Amino acid sequence: MKENRTLDKLKVKESGIIISVGGEGALRRRLLDMGLTPGTKVMVRKVAPLGDPIEIFLRSFELTIRKEDAKKITICDSLDNYHNIINRKEENKCHEPSL
């Protein structure tokens, strides 16, 4: 994995680190409550025969989510890349003009 992509693009046995969780309102809250938080490592374990839903492994448990929900979760390929992305976000905040 060379660039950031969404969780639904991972193939079976591929893994990544969550960068951000999109969605709005109750959907976003539900994803976060299920443990899909930035910095968490996830791995795709299984994909249903018709491609939806997908089973992922995170925090020592399996979770099955719809592909539509997985599209809202941005991931990167490694912890190093995750830290680089977070540091860039922090640098951008430091350079924003204050009002």
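1. Helices (H or I, at least four residues) and strands (E, at least two) are DSSP runs, numbered from the N terminus. With that in hand, the elements of this chain run β-β-α-β-β-β-α-β-α from the N terminus on. That makes three helices and six strands.

2. This is a predicted model, in which local features need pLDDT of at least 70, side-chain atom pairs count only at pLDDT 80 or more, and totals for chains, interfaces and linings use all residues. Residues are numbered from 1 along each chain as its sequence is written, and side-chain values use heavy atoms, with hydrogens and water left out.

3. Now the confidence. pLDDT is the predictor's confidence in each residue, from 0 to 100. The chain averages 87, and 88% of the residues score at least 70. Among the elements, strand S4 (residues 54–58) has the highest mean pLDDT, 97. Helix H3 (residues 79–95) has the lowest, 71. Where pLDDT is low, the predicted coordinates should not be read in detail.

4. Next, the sheet. Two strands pair if DSSP finds at least two bridges between them. Six strands form an open sheet in the order S1-S6-S2-S3-S4-S5, and the pairing is antiparallel. Strand S1 (5–6) and S5 stand at the edges with a single partner strand each, so one side of each has no neighbour in the sheet.

5. Follow the pairs one by one. Strand S2 (residues 15–21) is joined to strand S3 (residues 41–47) by three bridges. Ser-15 has Met-43 in S3 as its bridge partner. Between S3 and S4 there are five bridges. Here Val-42 stands opposite Leu-58, and Lys-46 has Glu-55 as its bridge partner. S4 and S5 also pair over five bridges. In that pair, Leu-58 faces Phe-61 of S5.

6. S3 and S4 form a hairpin with six residues between them. Gly-51 in this turn has a positive phi of about 95°. The hairpin of S4 and S5 has two residues between the strands, and there Arg-59 takes a positive phi near 50°.

7. What is hidden inside? Buried means under 20% relative accessible area, exposed over 50%, and partly exposed in between (1.4 Å probe, protein chains only). Buried residues make up 30% of the 99 residues in the chain. In S4, four of the five residues are buried, so this strand is largely enclosed by the rest of the structure.

8. A nonpolar core is a set of buried Ala, Val, Leu, Ile, Met, Phe, Trp, Tyr and Cys residues joined through side-chain atoms within 4.5 Å. The largest has 18 residues. Those with the most contacts inside this core are Leu-7, Ile-18, Leu-36, Val-42, Ile-56, Ile-65 and Ile-73. The elements giving two or more residues to the core are S2, helix H1 (25–33), S3, S4, strand S5 (61–65) and strand S6 (73–76). A second, separate core has five residues, including Ile-17, Cys-76, Tyr-82 and Ile-85.

9. Which residues is Ile-65 in contact with, leaving aside its neighbours within four places in sequence? Contact means heavy atoms within 4.5 Å. The partners are Leu-7, Met-34, Asp-52, Pro-53, Ile-54, Ile-56, Ala-70 and Ile-73. For the chain, 56% of contacts between residues at least 6 apart in sequence join residues at least 24 apart.

10. Leu-27, Leu-31 and Leu-32 are its buried residues. Seen down the axis of H1, they fall within an arc of 130° (taken from the directions from the helix axis to the C-beta atoms), so they line one face of the helix. What covers them includes S2, helix H2 (67–70) and S6. On the other side of H1, Gly-25, Ala-26 and Asp-33 are exposed. Just after this helix, Gly-35 takes a positive phi of about 100°.

11. Finally, check Asp-69 in helix H2. Is Asp-69 buried or exposed? Asp-69 is buried, with a relative accessible area of 3%. Its side chain makes a polar contact with the side chain of Arg-30 (2.9 Å). A polar contact is a pair of N or O atoms within 3.5 Å; within protein, one must be able to donate a hydrogen and the other to accept it, and residues adjacent in sequence count only if both atoms are side-chain atoms. Not counting residues up to four places away in sequence, Asp-69 touches Leu-27, Arg-30 and Leu-31.
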